[in-house]
There are 2 protein chains.
Amino acid sequence: MDAIDRTLIGLLQEDAGRTYADLAAAVSLSTGAVHERVRKLRQRGVIVRTTVDLDAKSLGRPVLAFILVETEGWITKAVHRASIEDPRVEDLHTVAGEANFLMKVRVEDPAELQRFLRSLYDVEGVRRTRTLMVLDTYVDRRPGVLPVSGESSPPD
Amino acid sequence: MDAIDRTLIGLLQEDAGRTYADLAAAVSLSTGAVHERVRKLRQRGVIVRTTVDLDAKSLGRPVLAFILVETEGWITKAVHRASIEDPRVEDLHTVAGEANFLMKVRVEDPAELQRFLRSLYDVEGVRRTRTLMVLDTYVDRRPGVLPVSGESSPPD
DNA sequence: GGTTCGGCTGAACCACGTTCAGGGAGGCGA
DNA sequence: TCGCCTCCCTGAACGTGGTTCAGCCGAACC
């Protein structure tokens, strides 16, 4: 994981459709070398997969909310089972702090959020929920590379 | 956006490296037709970009936390400016509920989280923060397609 | 029945991914 | 110092797959 790998990762995260020739030019290597580097990044699990980002509004789910769930007892599996198959649930974590679980859900409208919350209370052990409705989103991205301070330019 | 488009979107989100031939076979169309459909999904903004998912641990940021920020006054721009350039901040929203902002940050270790929180208080107007440390993550994904109930099979 | 429009097929072309033999630099032990 | 080994690179060759397009079909509308 040197500076070149980080540059490649950054470029691919911006646009995974870039050609190896483009990447190669950007880091001043041959296509073969870049191909090998990217292959290894995948193999090592640094690059998990290549995917497409979808627009939640276009998919008909413009309402975003975070739900803090407080439970009685350790009911991880039940909550997990209730969420894993549901694409409306984008995040589900156990947390230390003011709640047991934190989830991020995206739904069609407030009425659907209500139905969702109702269904949460059907899970045995769920005692209380607190919901934070998102008003506006300024940043919503995924793990990215840190900017490199001392980037090296190729010698002429 | 018919059932075929949704199937294509789902397949591409799973693996954007799929060939058009694969996609075509999956929905029983020609490669040309699939190519055109995907092109339109991009053009309409349903597919925002194609990218790579990175592994936060491999990138050296295994600690995940959500921070509720309470402020005095409407300081959206200041918080925004402080976060937009920082890849450690993965989510930043204004919310209605128990706080003004909700952010999701990924850092190297607890000490770095402390430094991050400290820097938050340097933003004029920030009065209080509450942090939820993530213990374990069960779901962490992006907006996805809802499963289609009445999927149509091609006639023989 | 005629016209238009959107979407599909199938094939052709060529860009790009993928592989590999060869070479050079750096580290290590004798 | 020399030889060896390893790692990573280059550059080119090959074939897969992306991309385009003319032609066709069915639905909708007049």
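1. The domain assignment, automatic or taken from a database, divides chain A into domain 1 (3–43) and domain 2 (63–133). The C-alpha centres of domain 1 of chain A and domain 2 of chain A are 39 Å apart.

2. The model is predicted: local features require pLDDT of at least 70, side-chain atom pairs count only at pLDDT 80 or more, and totals for chains, interfaces and linings use all residues. Residues are numbered from 1 along each chain as its sequence is written, while chains are lettered from A and ligands numbered from 1 in the order in which they are written.

3. Chain B is superposed on chain A by a rotation of 180° with 0.0 Å of shift along the axis, at an RMSD of 0.1 Å (least squares on the C-alpha atoms of residues with pLDDT of at least 70 in both copies). That is the relation of a two-fold axis. Among the residues of chain B, B:Thr51 comes closest to the rotation axis, with its C-alpha at 2.8 Å.

4. Around DNA strand C there are 13 residues, each with its C-beta atom, placed from the backbone, within 6 Å of the strand. Those that come nearest are A:Tyr20, A:Gly32, B:Ser30, B:Gly32 and B:Ala33. Two or more residues each are given to this surface by helix 2 (20–27) and helix 3 (31–43) of chain A and by helix 3 (31–43) of chain B; helices are DSSP runs of H or I with at least four residues, numbered from the N terminus. Helix 3 of chain B supplies the largest share, 5 residues.
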